[in-house]
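Here are my notes, in numbered points, for you to read alongside the model.

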Amino acid sequence: MIDKPDVDERTLAAEVAAAWAVDVTDLVFMPLGLDGDAWAYRVETSTGERYFLKVRRGRFTPAAVLLPGFLRAHGVRQVVAPIDLPAGGTSRAFGGYELLLYPFHDGGSRWARGLTDRQWTEYGEFLGRLHAVPPSDDIAAVLPVETYRSTAGDRLRSLGAQAAASEVLGAFWDRYGAALHRLSETVDRLASRVTHARHVICHADIHPGNLIADGDGPLHVVDWDAPILAPPERDLMFVYSQDFGDHPIDAHRAELFRRGYGPQEPDQTLLSYYRGERHLDDAAAFVRSILDPDASPEARANDLHWLTRIAETVADPSYAP
């Protein structure tokens with residue numbers, strides 16, 4: 001998020017220091033991500049160590065807290081897992097928020113920079129290992145299960161009248177509202193056609209923005225906020241769609257990815273459903289965020305940029321999820 005959370009940062013720093021027994025010298029706000037209920041800070045310490053702090057309004061899901069450590073214990077080394085509290089547990093309540101502390105990895109996301117050839121193969125290796133890990137009973141109990149029943153269309157429709165009357169979104173809605181409604185109908189049709197396939201553990205947001213690397217170094221996978229038991233296509237959509245990252249897959253990169261992942265023939269209907277549903281879900285989230293009266297002009301402008309990017313894709317006559 002671009003806007004900071006409504007917290008006192010000195011009190012937040014003291015809470016982190018006490019909870020994780022680290023000598024915090026500075027908190028640096030990081031305007032990352034598009035989740036309106038989550039914020040990020042870099043934590044600086046007197047020993048020179050750095051950490052990544054995630055602050056969430058409300059609570060993290062049990063899966064977001066438990067799954068990363070479970071995967072690392074099963075050899076999925078790219079997973080960035082939260083650091084346990086010395087007193088036990090992993091997350092820390094902080095007023096109406098919850099905190100998780102992670103190791104900090106240099107290099108930044110690969111959204112704009114793209115993946116090197118070696119990293120495309122590691123991307124495949126990571127997803128292949130992730131999808132091969134059988135969930136324990138405890139993990140399966142906290143993971144949501146795919147139902148192919150999206151709420152995104154209803155959420156977008158409920159905001160339509162407000163968007164049309166909005167000073168900020170009125171012109172946008174006049175131009176793109178009909179295309180977004182058509183997408184909602186398309187997603188419903190695709191949902192009725194999907195073949196229920198085997199379910200695996202999916203990250204569910206595994207685009208290049210959640211892959212961290214320093215140069216050609218190893219990948220670190222972050223943002224485990226919404227994992228799910230679903231067909232592999234739930235993750236593979238981010239690989240094979242052209243919508244995520246500034247350097248998407250091509251024939252050469254697809255071959256490198258397959259070297260790591262192994263042979264696979266993704267179900268095209270599932271890929272289409274997940275692509276369309278993601279566009280619809282993101283559009284609904286951005287419209288809601290832009291209409292929030294407490295949003296800053298900078299946050300609204302950022303959200304409108306991404307919303308317009310989605311709408312232009314969806315409104316293109318050649319668009320087919």
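1. Leaving aside its neighbours within four places in sequence, which residues is Glu122 in contact with? They are Arg77, Gln78, Gly217, Pro218 and Leu219, where contact means heavy atoms within 4.5 Å.

2. Some ground rules. This is a predicted model, where local features need pLDDT of at least 70, side-chain atom pairs count only at pLDDT 80 or more, and totals for chains, interfaces and linings use all residues. Residues are numbered from 1 along each chain as its sequence is written, and side-chain values use heavy atoms, with hydrogens and water left out.

3. Back to Glu122, which has its place in helix α3 (helices are DSSP runs of H or I, at least four residues, numbered from the N terminus). Glu122 is buried, at a relative accessible area of 2%; buried means under 20%, with a 1.4 Å probe and protein chains only.

4. The side chains of Glu122 and Gln78 are joined by a polar contact of 3.2 Å, that is, a pair of N or O atoms within 3.5 Å, one able to donate a hydrogen and the other to accept it. Arg258 sits 136 residues from Glu122 in sequence, yet their C-alpha atoms are 9.9 Å apart.

5. Now the voids. There are three cavities of 30 Å³ or more, a cavity being a set of points on a 1 Å grid where a 1.4 Å probe fits but cannot get out.

Notes
1 Å grid on protein atoms, 1.4 Å probe; cavity = no way out; pocket = protein on both sides within 12 Å on 5 of 7 lines; lining within 4 Å. Points joined across faces, edges and corners; volume = space filled by probe spheres on them. Helix = DSSP H or I, 4+ residues; strand = E, 2+ residues; numbered from the N terminus. Buried < 20%, exposed > 50% of the residue type's maximum accessible area, 1.4 Å probe, protein only.
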